[in-house]
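Below are the things I looked up, in the order I looked.

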Amino acid sequence: MLKTRWIIRRDVESSEGTGDVVALEAKIKEFWGWTAHQFVEALREQKAVGLVVFDDENDRVFGFIVYHLESSEIKIVNIAALNGEAYKVLFDCLKSKLNTAKRHTIFMEVYEADLELLNCFKKNDFLCVDIMKNHFKEFNHDAFKMQYSVKKAENKGKDKDGEGEYALV
């Protein structure tokens with residue numbers, strides 16, 4: 001069974017060199033993955049949160065996410081997983097943090113050529129809301145802004161906290 005937990009130092013750095021998160025990043029993102037140092041620096045930011053999705057029987061890491069908690073939104077800054085199930089667990093974890101009163105949007109600027117990741121966002125009810133021309137300037141590539149939102153709406157049901165009504169946008 002896949003579960004989530006906070007990223008811990010051994011996920012990034014191990015006595016053998018790189019930890020599971022960095023190895024997974026290198027496997028999935030051959031040319032543009034983060035190093036252990038970049039993970040540590042990103043997670044030192046005050047608003048940064050890092051999670052891994054793992055198998056609770058053997059503690060094997062299947063994916064990770066690094067995101068920023070902003071006042072009204074959650075910005076995913078890095079994500080990778082071995083399969084669709086692991087992506088779903090990560091996305092569901094973030095979706096559970098949304099409500100209509102405070103944080104109501106999750107988004108990520110996704111590299112245009114990362115078709116697997118774009119497909120995972122689509123399968124998890126994210127929409128492309130913008131095409132950002134030349135967003136990745138160092139590679140001269142565009143990005144797709146993928147977004148999932150909840151907002152107040154009439155007669156759509158109660159949100160998970162019972163605070164108000166919601167609708168997917």
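**Entry: burial**

I began with the cut-offs: buried means under 20% relative accessible area, exposed means over 50%, and partly exposed lies in between, with a 1.4 Å probe and protein chains only. By that rule Arg5 is buried, at a relative accessible area of 17%.

I noted what I was looking at: this is a predicted model, in which local features need pLDDT of at least 70, side-chain atom pairs count only at pLDDT 80 or more, and totals for chains, interfaces and linings use all residues. Residues are numbered from 1 along each chain as its sequence is written, and side-chain values use heavy atoms, with hydrogens and water left out.

**Entry: the whole chain**

I took helices (H or I, at least four residues) and strands (E, at least two) as DSSP runs, numbered from the N terminus. The protein chain has five helices and 10 strands. I found 169 residues in the protein chain, and 44% of them are buried.

Next I looked up contacts, meaning heavy atoms within 4.5 Å. Among contacts in the protein chain with a separation of 6 or more, 52% join residues 24 or more positions apart.

Then came the surface, by the Shrake-Rupley method with a 1.4 Å probe; for residues, only the protein chains shown count as cover. The protein chain exposes about 9600 Å². Carbon and sulfur atoms supply 49% of that area.

**Entry: salt bridges**

How many salt bridges are there? I counted a side-chain nitrogen of Lys or Arg within 4 Å of a carboxyl oxygen of Asp or Glu. The count comes to 11 salt bridges.

I went to Asp56 and Lys3, whose side chains form a salt bridge at 3.2 Å, N to O. Asp56 lies in the loop between β4 (48–55) and β5 (61–69) and Lys3 in strand β1 (residues 2–6), so this pair ties together parts that are 53 residues apart in sequence. Their C-alpha atoms are 6.5 Å apart in space. Both ends are partly exposed: Asp56 has a relative accessible area of 34%, and Lys3 has 37%. Leaving out residues up to four places away in sequence, Asp56 touches Met1 and Lys3.

I turned to Lys47 and Glu70, which meet in a salt bridge at 3.3 Å, N to O. Lys47 is in the loop between α3 (36–44) and β4, and Glu70 is in the loop between β5 and β6 (73–81), so the pair ties together parts that are 23 residues apart in sequence. Lys47 is partly exposed at 37% relative accessibility. Glu70 is partly exposed too, with a relative accessible area of 23%.

I came back to Arg5. Which residue does Arg5 bridge to with closest N and O atoms 2.7 Å apart? The partner is Asp11. Asp11 is buried, with a relative accessible area of 1%. I also saw a network of salt bridges that links Arg5, Arg10, Asp11 and Asp59.

**Entry: positive phi**

Asp59 sits in the loop between β4 and β5, and it is partly exposed at a relative accessible area of 25%.

I logged Asn134 as well: its phi is positive and near 50 degrees, and it is a residue other than glycine. I placed Asn134 in strand β8 (residues 127–136). Asn134 is partly exposed, with a relative accessible area of 29%.

**Entry: Leu117**

Is Leu117 buried or exposed? Leu117 is buried, with a relative accessible area of 3%. I found Leu117 in helix α5 (residues 115–123). Leaving aside neighbours within four places in sequence, Leu117 is in contact with Ile79, Tyr87, Met108 and Val110.

**Entry: the largest pocket**

I wrote down the pocket rule: on a 1 Å grid over the protein atoms alone, a pocket is an open set of points where a 1.4 Å probe fits, with protein on both sides within 12 Å along at least five of seven lines; lining residues have an atom within 4 Å of a point. Grid points are joined across faces, edges and corners, and a volume is the space filled by probe spheres set on the points.

The largest pocket has a volume of about 410 Å³. Of its 18 lining residues, Trp32, Val77, Met108, Glu109 and Phe136 are the closest to its centre. At least two lining residues come from each of β6, β7 (105–111) and β8.

I sorted the lining by class, with Ala, Val, Leu, Ile, Met, Phe, Trp, Tyr, Cys and Pro as nonpolar, Asp, Glu, Lys and Arg as charged, and the others, Gly among them, as polar. The lining of the largest pocket has 10 nonpolar, two polar and six charged residues.
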